[in-house]
Amino acid sequence: MEFIDRYQEIVAKAIEKHSFKNKPTELYEPMNYIISHGGKRLRPIMVLMANELFGGEIEKAMKPALAIEFFHNFTLIHDDIMDEAPLRRGKPTIHTLHGINIGILSGDALLIKAYQFFEDLEPKLFKECIKIFSETGAVLCEGQQMDVNFETMENVTYDDYIEMITNKTGVLSAASFQIGALIAGAKKEDAELLYNFGKHIGIAFQIMDDYLDVFGNVEQFGKKHAGDIYENKKTVLYLLAMEHANEAEKKELDFWYSKKTENVDKIYSVEKIFRRNKVDEKVLRLIQKHNEIGHDFLKQIDAPEEKKKPFMELANYLLRRNS
């Protein structure tokens, strides 16, 4: 995956160049902190990949790519506050280190900076990209609210879950590809096909995230093990378990998901039901299904097959990850 290493290096240099030296430091240092612990920085890489697919200039796409990365980190800061999460990428979360007030403010400032990164684009392109960016942000908030609602909703369906993760995760990957393509001057139809590729890869990515929350290596994953079970999140693992469990198991799941508790018996009991019903195998098949749907959209794009290969490699890489 040399091309990912190459893009990561490019993005890392750009982030370093645009690091915050402003005051007050209490606001800007947390912003530098989360950006510097950037994980794999996949979404800005998606912008640059799409831009290169259609022969665009990397310099023109660089700031919009950073916009996506800063926006993504803004959502993570606020997400961690809402989830009361102690860790992000294996490091203490911002609100854990600095308190909720600074967490909210530094997240807000990252969002504003993200919009400013589009300002160098010519007016027509600026309007197109900002429209996609703003719509994506609004839909992402809808997905986050759905996620919160699911914790107390009794009857969450599989379709509800797919809509939620599409809004919360899929659309940001999709928009990253679409914005990169438009900046390169791609035809709108091709940019739309790439959007749909990104959406399904994003869905597969989020399902894998839910899978790794329970079945992943906690040291590699960088998050609290089974955090979704602690938080009563009705992920696809829970939904598949409820679909295939016997009546006694369903009652036990209802019991544990009716209370928030740090009791390790809850984690042990729920995981046991998941494994008995082969939820892990079913989820991996679902991930592969969305991967294949994404590939079908990619095949339709009017571009040389050779130039599409990195996109297939990226999708396969995401689905093999441990973190």
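# Reading helix packing and side-chain contacts

Analyst: The crossing of α9 and α16 is right-handed. This is a predicted model.

User: At what angle do α9 and α16 pack, and how far apart are their axes?

Analyst: The packing angle is about 15°, and the axes of α9 and α16 lie 9 Å apart. This makes the two helices roughly parallel, since angles under 35 degrees count that way.

User: Which residues of α9 and α16 make the contact?

Analyst: On the α9 side, they are Leu 194, Phe 197, Ile 201, Ala 204, Phe 205 and Met 208. From α16 come Phe 311, Ala 315, Leu 318 and Leu 319. By class, the contact of α9 with α16 has 10 nonpolar residues, no polar and no charged.

User: Next, α4 and α8. At what angle do they pack?

Analyst: Helix α4 spans residues 58–83 and helix α8 spans 158–183. They pack at about 170°, with axes 9 Å apart. So α4 is roughly antiparallel to α8, as angles over 145 degrees count as roughly antiparallel.

User: Is the crossing of α4 and α8 left-handed or right-handed?

Analyst: Right-handed: that is how α4 passes α8.

User: Which residues meet there, in α4 and in α8?

Analyst: α4 brings Lys 60, Ala 61, Pro 64, Ile 68, Phe 71, His 72 and Asp 79. In α8 they meet Lys 168, Leu 172, Ser 176, Ile 179 and Ile 183. This contact of α4 with α8 divides into seven nonpolar, two polar and three charged residues.

User: And α3 with α8: what are the angle and the axis distance?

Analyst: Helix α3 covers residues 42–53. It packs against α8 at about 35°, and the axes are 7 Å apart. α3 passes α8 in a right-handed crossing. The α3 residues in contact are Arg 43, Met 46, Val 47, Ala 50 and Asn 51. From α8 come Thr 169, Leu 172, Ser 173, Ser 176, Phe 177, Gly 180, Ala 181 and Ile 183. The contact of α3 with α8 has seven nonpolar, five polar and one charged.

User: Now single residues. Is Gln 206 buried or exposed?

Analyst: Under 20% relative accessible area means buried. Gln 206 has 14%, so it is buried. This residue is found in helix α9.

User: What does Gln 206 touch, not counting residues up to four places away in sequence?

Analyst: Gln 206 touches Ile 165 and Thr 169 on that count. With Thr 169 there is a polar contact, side chain to side chain, at 2.7 Å. Thr 169 is also one of the α8 residues in the contact with α3.

User: Where is Asp 213 found?

Analyst: Asp 213 is found in helix α9, residues 188–215. Its relative accessibility is 6%, so Asp 213 counts as buried. A polar atom of the Asp 213 side chain lies 3.2 Å from the backbone nitrogen of Gly 227.

User: What does Asn 316 touch, leaving out residues up to four places away in sequence?

Analyst: Asn 316 touches Asn 291 and His 295. The side chains of Asn 316 and Asn 291 make a polar contact at 3.5 Å.

User: How far apart are Asn 316 and Asn 32, in sequence and in space?

Analyst: They are 284 residues apart in sequence. C-alpha to C-alpha, Asn 316 and Asn 32 are 30 Å apart in space.

Definitions and conventions: Residues numbered from 1 in each chain as written. Predicted model: local features only at pLDDT ≥ 70, side-chain atom pairs only at ≥ 80, totals over all residues. Heavy atoms only, no water. Axes fitted to C-alpha atoms, helices over the stretch in contact; angles between N-to-C directions. Helix = DSSP H or I, 4+ residues; strand = E, 2+ residues; numbered from the N terminus. Parallel < 35°, antiparallel > 145°, perpendicular 65-115°, else oblique. Left-handed = near helix turned anticlockwise from the far one by under 90°. Contact = heavy atoms within 4.5 Å. Nonpolar A, V, L, I, M, F, W, Y, C, P; charged D, E, K, R; others polar. Polar contact = N/O pair within 3.5 Å; in protein donor to acceptor, adjacent residues only side chain to side chain. Buried < 20%, exposed > 50% of the residue type's maximum accessible area, 1.4 Å probe, protein only.
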